[in-house]
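Please look at the charged side chains of the chain shown here, and follow how some of them pair up across its elements.

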Amino acid sequence: MMIYPEPVENLIHALSRLPGIGPKTASRLAFYLLRAPDDVSHDLAEALAALKTNTAYCKQCLNITSAGREKCEICVNETRLPELLCVVEEPLDVAALERTGAYNGLYHVLHGVLSPIEGIGPEDLKIRELILRIQAGGVKEVILATNPSMEGDATAMYLQQQITRMGVRVTRLARGLPVGGDLEYADQNTLMRALSGRQEY
Ligand SMILES: [Zn+2]
């Protein structure tokens with residue numbers, strides 16, 4: 001049985017599917033939107049509708065970019081060093097590293113990490129794309145910047161085995177990042193130190 005009218009129930013259901021939002025928070029948000037001036041929900045609806053249609057993945061690094069663009073702004077920037085490739089889990093990690101202003105190479109976004117428990121294997125990530133990219137030549141160093149978590153470390157180890165075989169230098173972000181923490185939450189100084197102190201892997 002529905003407690004609220006269908007449109008309200010629908011919104012609560014949609015919101016509670018988001019990470020970190022339980023039914024209570026979802027209800028609170030739904031009723032907030034109901035009370036708030038029209039433009040609040042209108043702006044939100046417009047932004048949501050445009051989110052998928054107006055974005056795409058960069059064909060080279062698989063970072064998020066605007067729809068209709070072949071490559072993202074980082075990949076087309078000719079001042080960036082193409083011989084340096086930083087491998088991250090998510091687009092949010094690219095943003096975190098970019099905020100440090102200390103990195104001048106290119107990226108490769110895996111879109112996840114290996115997780116046997118969740119049934120996520122190499123074929124579920126953008127690993128094949130990464131290998132092909134390195135095989136194409138020009139890359140001299142691959143920096144493995146997956147999170148310092150169990151899955152992040154396992155993913156880095158897997159990639160290291162694949163890439164070293166190809167005769168390319170592989171480094172890993174220095175320790176000092178909080179273990180189990182996310183790159184995206186690390187402060188800029190910590191991230192900068194982890195990047196400059198990266199070690200042979
Ligand atoms: Zn790109």
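**Salt bridges across the chain**

Arg-198 is partly exposed, with a relative accessible area of 25%, where partly exposed covers the range between buried (under 20% relative accessible area) and exposed (over 50%), computed with a 1.4 Å probe on protein chains only. The model is a predicted one, in which local features need pLDDT of at least 70 and side-chain atom pairs count only at pLDDT 80 or more, while totals for chains, interfaces and linings use all residues. Residues are numbered from 1 along each chain as its sequence is written, and side-chain values use heavy atoms, with hydrogens and water left out.

The partner of Arg-198 is Glu-141, and their salt bridge (a side-chain nitrogen of Lys or Arg within 4 Å of a carboxyl oxygen of Asp or Glu) brings the closest N and O atoms to 2.6 Å apart. Because Glu-141 lies in strand β5 (residues 141–144) and Arg-198 in the loop between α8 (188–196) and β7 (199–200), the pair ties together parts that are 57 residues apart in sequence; helices (H or I, at least four residues) and strands (E, at least two) are DSSP runs, numbered from the N terminus. Glu-141 is buried, at a relative accessible area of 6%.

A second pair joins Arg-172 and Asp-153, with the closest N and O atoms 2.7 Å apart. This pair links distant parts of the chain, Arg-172 in strand β6 (residues 169–172) and Asp-153 in helix α7 (residues 150–164), which are 19 residues apart. Arg-172 is buried, with a relative accessible area of 7%, whereas Asp-153 is partly exposed at 23%.

Salt bridges that share partners also connect Glu-141, Arg-169, Arg-198 and Glu-200 in one network.
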